Amino acid sequence: MIHTLSSDAFAGALRAPKVSGVSPLFRAKIRVNGQSVRCYVKPLPDLIECPATRRPVDNQEIINEALGYVLAEACDCRVPEVAGVILLEREKIPQQVVEKLKQVGAGPLQQNYLCWFSQDMNHPNLVQKHMGGINLDFLQQRRLKRLVKHLIEAPDTPKVIAFDDWLFNSDRHPGNLLASTPELTLIDHGRILIYPNWRPGKLGACGPGYTPSNRLRNFIDTHEPNWSAKLPKKSEMIMAYNAFAVSFRDRGEAAARTVLAEFFDALDIDAIIQLLQSRHDPAAYAKASGMFI
Ligand SMILES: Nc1ncnc2c1ncn2[C@@H]1O[C@H](COP(=O)(O)OP(=O)(O)OP(=O)(O)O)[C@@H](O)[C@H]1O
Ligand SMILES: [Mg+2]
């Protein structure tokens, strides 16, 4: 479940994050159900430039974050304990972050921003954990091996890959997984449905030359050839994928509909739900992944 909050719940910015990705991001305290929670906060502009047409289009990233979160939760993947959407006036956002917002949005600076927030889980991401603070080439190779080993040994890696296959997540690099144990914590679902320029019932598009693929599977296979094609990982992915259909029917669909109701009308919601369901054919999944059962 996610929280939808107004700016009254904002209790002040905290020290800037040690690492940040491409998005403007800051840390802040947010009051949720009477508790002050330390969070990562990602303000998202209403418009982005479509990489395919170079025109401004609606930015669906806040919906991606919310949908990815509730679906991961419904599929028993670990996610930050508290998360949601908060509407913040620009004055509440630290100045350096506003500067970055100027660069990523396709329109003028806004008075208010819808922000995705998630509780700071205090775990480093996998890149931070294994690659942080080194600049010697030979050490880098060793650390990279350690990072790949971590992913190979984490029990839920096949499930995370299958989850991203289902939702067409084009951005699950190891920086989007937190190094919690025994399960990894999934963060950053900003690029499910390929890219946040999707419209109801239709996948997004990254532009010419992009072929949809699973970044995490590719990353592991590059360093450990054929990892994903071997048993038992291959069957673990298929089994996890099959279980998503059941979780979606039992819990995920209702959670997704609640999130979508904040943004779309009934027809559009049905189109999005159908798109998610249409990908639940296990035989098609096995075939598409070159995994014959
Ligand atoms: N809830 C959280 N708990 C702990 N760390 C977090 C959390 N949310 C974000 N982070 C940290 O902040 C970093 C950037 O956050 P996030 O991945 O959401 O931003 P991004 O800029 O969209 O990333 P990308 O570069 O993958 O597009 C993460 O890699 C992670 O280290
Ligand atoms: Mg990220």
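A salt bridge is a side-chain nitrogen of Lys or Arg within 4 Å of a carboxyl oxygen of Asp or Glu. The model is predicted, and local features need pLDDT of at least 70, while side-chain atom pairs count only at pLDDT 80 or more. Residues are numbered from 1 along each chain as its sequence is written, and side-chain values use heavy atoms, without hydrogens and water.

**View 1. Salt bridge between Asp165 and Arg217.** The N to O distance between the two side chains is 2.7 Å. Asp165 lies in helix H5 (residues 157-167) and Arg217 in helix H6 (residues 215-223), so the pair ties together parts 52 residues apart in sequence. Helices here are DSSP runs (H or I) of at least four residues, and strands (E) of at least two, numbered from the N terminus. Asp165 and Arg217 are both buried, that is, under 20% relative accessible area with a 1.4 Å probe and protein chains only.

**View 2. Salt bridge between Arg27 and Asp120.** Here the N to O distance is 3.3 Å. Arg27 belongs to strand S3 (residues 26-32) and Asp120 to the loop between strand S8 (112-119) and helix H3 (126-131), so parts 93 residues apart in sequence are tied together. Both Arg27 and Asp120 are buried.

**View 3. Packing of helices H1 and H7.** Helix H1 (residues 61-74) packs against helix H7 (residues 233-261) at about 155°, with the axes 9 Å apart. The axes are lines fitted to C-alpha atoms over the stretch in contact, and angles run from 0 to 180 degrees between N-to-C directions. Residues in contact (heavy atoms within 4.5 Å) include Leu67 in H1 and Phe248 in H7.

Terms used: Chains are lettered from A and ligands numbered from 1 in the order in which they are written. Buried means under 20% relative accessible area, exposed over 50%, partly exposed in between (1.4 Å probe, protein chains only).
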